[in-house]
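Q: Can we go through the ligand contacts in this one? I'll ask as I go.

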Amino acid sequence: MLTAILSEIMGQPNALQSFNELLEIGKKFVQQGQIENIQSFGSGNINDTFLVSLQGIEAQSQILQRINTNVFREPKLVMRNMRIYSEHVRDRLDKDPLDRPWEIPRILPTIEGLDYFQTENGEFWRSLSFIKGSQSYNVMENIEQAQEVGYALGMFHNLTSDLPPERLDNTLEGFHITPRYLQQYEEVVAKIKPPHHTKRSPEVNHCLRFVRDRQYLVHILEDAKAAGKLPLRTMHGDPKVNNILFDRRTNLAMSVIDLDTVKSGLIHYDIGDCLRSGCNPAGEDAEDWLNVRFDTELCQGILQGYLSAARSFLTEYDYAYVYDAIRVITFELGLRFFTDYLAGNIYFHVEYPEHNLLRSLVQFRLLESIETQESVINQIIQSSK
Ligand code: ADP
Ligand code: GN1
Ligand code: MG
């Protein structure tokens with residue numbers, strides 16, 4: 001069995017550990033001899049995630065994650081935020097339970113009782129309870145799923161609406177401050193001219209032009225924040241659809257995971273991110289990028305679900321900026337992917353050198369589709385209120 005596990009792990013592009021090293025790390029979190037299997041798990045773009053199956057304890061597993069410390073420079077703050085968030089939400093749910101199962105991943109301590117384990121060479125590992133009987137989807141397959149994803153984000157915002165954002169640390173400087181991404185892009189473009197490893201292919205030229213023509217988008221949400229129209233609140237930061245777990249049995253959303261970016265910010269980046277990821281049935285990695293489109297029926301489903309849980313604390317300004325949120329975050333993500341491609345793929349996990357370029361083409365195409373459907377999307381927002 002060990003050989004099978006080993007080959008699986010070695011086959012993963014991001015698994016730099018040998019199986020034995022991985023086993024040693026796993027053993028920091030569970031008693032000797034309990035581990036039956038360790039497999040690479042999920043399809044996140046940032047951390048390295050493994051599923052640790054335990055022996056003798058029926059169907060019990062736990063998540064083992066190596067935090068990407070190139071991204072999260074202070075992973076201890078990530079763990080601190082996660083604790084503050086989890087304790088707050090558990091208290092809320094104890095006082096006022098939901099009418100459905102709702103899970104918050106638990107931080108599982110090391111044998112020594114710490115929230116994380118750091119290797120001698122500075123790798124930062126943590127373990128989380130595995131949400132049993134759950135599954136995530138990379139794309140929404142129907143309206144019911146879309147409504148559930150919307151509900152999950154709405155519930156996340158609802159449960160954190162009374163968590164003062166200033167209690168949380170900033171785990172990722174500049175994260176979702178869209179003008180900063182344009183600045184970084186400009187710095188990268190200035191550095192690589194010429195010579196550069198990326199060919200000036202038609203696709204690269206298309207992206208360069210696209211960014212030039214859409215620069216005005218980057219200030220919209222930040223200007224609204226500066227004008228006091230949109231307040232700082234506790235945000236998730238990364239609510240794309242595969243960070244929401246569904247109950248396999250009931251098909252209801254049951255958990256919001258990937259809590260590394262929970263911090264103070266504009267919930268509009270969350271709303272936009274949930275919509276841009278949930279309304280793109282072709283997916284973020286669609287090779288056929290010219291056929292990517294923004295699905296307005298899924299948009300309606302997500303907004304209905306979202307508002308069913310979040311309506312009570314939204315203002316008129318909040319509604320007024322939902323359309324902008326969708327286009328800004330879609331542009332922002334396309335810009336981030338394209339910048340990373342130009343910089344040599346240093347941030348997002350990639351499976352091949354042009355992966356980030358394709359991802360940026362997908363987001364930019366999605367944005368065009370959003371723009372051409374502006375009036376329909378605005379009608380949906382108005383009618384969902
Ligand atoms: P990344 O930051 O790399 O996206 P995530 O925390 O989102 O890392 O984890 C990657 C994937 O692992 C998720 O999309 C999900 O499929 C799975 N996963 C992570 N945590 C859990 C958990 N507690 N229970 C079940 N699945 C999980
Ligand atoms: C990353 O970690 P993951 O895969 O859930 C990224 C998000 C992007 C997303 C695009 C911390 O999310 O901002 O929207 O990729 N997370 C971070 O797939 O940068
Ligand atoms: Mg994730």
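Q: What does a nitrogen atom of ligand 1 sit 2.8 Å from?
A: A polar backbone atom of Ser 129. A polar contact here is a pair of N or O atoms within 3.5 Å. This is a predicted model, where local features need pLDDT of at least 70, side-chain atom pairs count only at pLDDT 80 or more, and totals for chains, interfaces and linings use all residues. Residues are numbered from 1 along each chain as written, chains are lettered from A and ligands numbered from 1 in written order, and side-chain values use heavy atoms, without hydrogens and water.

Q: Which side chain is 2.9 Å from an oxygen atom of ligand 1?
A: Gln 65, through an N or O atom. A polar side-chain atom of Ser 136 also lies 3.4 Å from an oxygen atom of the ligand.

Q: How much of ligand 1 does the protein bury?
A: 96% of the 540 Å² that ligand 1 exposes when taken alone (Shrake-Rupley, 1.4 Å probe).

Q: Where does ligand 1 lie relative to the domains?
A: Between domain 1 (4-73 + 104-130) and domain 2 (143-383), because both give residues to its shell. Those bounds come from an automatic or database assignment.

Q: Switching to the metal: what coordinates the magnesium ion, ligand 3?
A: Asn 243 (OD1) and Asp 258 (OD), at 2.2 to 2.3 Å. Donors are N, O and S atoms within 2.8 Å of the metal (3.2 Å for Na, K and Ca); water is not among the atoms, so the site may look incomplete.

Q: Is Asn 243 buried or exposed?
A: Asn 243 counts as buried, because its relative accessibility is 6% and the cut-off for buried is under 20% (exposed is over 50%, partly exposed in between; 1.4 Å probe, protein chains only). Asp 258, at 26%, counts as partly exposed.

Technical notes:
Polar contact = N/O pair within 3.5 Å; in protein donor to acceptor, adjacent residues only side chain to side chain.
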